[in-house]
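I opened my notebook for a friendly look through one model.

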Amino acid sequence: MPVVLKTSPLLWTRLAALAFSCVAFSIAVHGGNLQHGTGDFCIFCWAFSFAGTLLVILVELFGLQTRAPVSWKNFPITFACYASLLCLSASIIFPLYFLKGSREGKEVRDFRIVSTVFSCLATIAYMSEVSLTKARPGEVAGYMATGPGLLKVCETFVACIIFVFISDPVLFEDHDALKYCMSVYCICFILSAVIILLCIGEFTGCLPFPFARFLSGYALLAVVLYLSATIIWPIFKFDPKHGGRKDRPSGCSTSPVGLCSWDRAMAVAVLTGVNFILYLADLIYSSRLVFVTA
């Protein structure tokens with residue numbers, strides 16, 4: 001099988017991301033002395049990014065794009081976008097949990113600093129890959145390389161973070177309105193994930209209706225749903241008239257690791273607003289796509 005080696009800025013960017021993510025998780029595993037599940041999550045972020053990048057490089061190195069069971073116009077940039085978000089999360093979470101207030105020895109601390117630095121470098125490399133492979137104006141590319149496609153990745157990723165904050169401990173069982181917000185997060189996440197899978201698997205042509213109009217209609221629905229959740233969640237979590245708590249408990253300041261329930265509820269409120277903005281931008285992009293196509 002012939003090996004196709006064509007040097008390009010994109011190849012060098014992927015090799016850099018491969019090396020940085022490999023160093024990040026190797027150093028953390030070797031000498032980071034990680035003692036709880038947050039460390040496992042960070043290692044997963046780096047290892048997952050490394051494995052996926054290695055797969056992309058090997059497929060292109062051996063010219064197997066046409067034999068891959070996925071759309072190669074959509075898969076690499078989708079993975080790069082997820083990898084950049086994962087490494088960015090690890091770059092924020094890892095120092096907060098393992099450097100801030102750390103009482104470990106100097107050697108362990110140095111290992112953790114190195115992992116953090118290389119995690120930041122991996123994040124920059126993956127963001128550079130997304131920038132190099134995203135669609136330019138007038139360029140024919142896969143849907144995931146366009147603005148709406150990249151927004152779908154961000155929307156699903158933010159929803160996953162919301163699920164983490166909202167589920168441990170469970171924050172939505174106090175009132176039916178909060179359960180409604182949870183249903184909004186689930187419905188929009190599932191539909192966005194299905195759209196991503198349809199694009200990667202090249203199944204959009206199998207739909208019994210125009211894909212572009214479906215995207216525009218779904219974006220409008222998601223904007224309405226997230227707007228309602230953006231309003232409802234803070235009311236029933238922070239308004240005393242509806243059983244919420246306005247002031248941050250004093251115990252949250254003394255928590256040595258992680259976030260207290262009030263902080264988690266606030267994080268969910270902020271992330272709900274972030275996803276509302278993402279879906280609004282998605283709606284604008286998708287509407288332009290429909291009108292331009294028409």
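Leaving aside its neighbours within four places in sequence, which residues is Cys188 in contact with? This is a predicted model, so I read each value as computed from it. I found Tyr218, Ala222, Leu225, Tyr226 and Tyr279 in contact with Cys188.

**Entry: the core.** Next I looked up where Cys188 and Tyr226 belong. Both are among the residues with the most contacts inside the largest nonpolar core, which has 79 residues. Trp46, Ile166, Tyr185 and Trp233 complete that list. I then checked the helices: helices 1 to 8 each supply at least two residues of this core. Helix 7 (211-238) gives the largest share, 13 residues. I also noted that domain 1 (1-133) and domain 2 (139-293) both contribute, so the core lies between them.

**Entry: helix 6.** I tested the length of helix 6, residues 176-200. With 25 residues at 1.5 Å a residue, helix 6 should span 36 Å. I got 36 Å between its end C-alpha atoms, so the two agree.

Entry: I flagged it because most residues other than glycine have a negative phi. Glu202 sits in the loop between helix 6 and helix 7. Is Glu202 buried or exposed? Its relative accessible area is 51%, and exposed means over 50%, so I wrote down Glu202 as exposed.

Key:
Residues are numbered from 1 along each chain as its sequence is written. This is a predicted model: local features need pLDDT of at least 70, side-chain atom pairs count only at pLDDT 80 or more; totals for chains, interfaces and linings use all residues. Side-chain values use heavy atoms; hydrogens and water are left out. Helices (H or I, at least four residues) and strands (E, at least two) are DSSP runs, numbered from the N terminus. The expected span of a helix is 1.5 Å times one less than its number of residues. A nonpolar core is a set of buried Ala, Val, Leu, Ile, Met, Phe, Trp, Tyr and Cys residues joined through side-chain atoms within 4.5 Å. Buried means under 20% relative accessible area, exposed over 50%, partly exposed in between (1.4 Å probe, protein chains only). Domain bounds come from an automatic or database domain assignment. Contact means heavy atoms within 4.5 Å.
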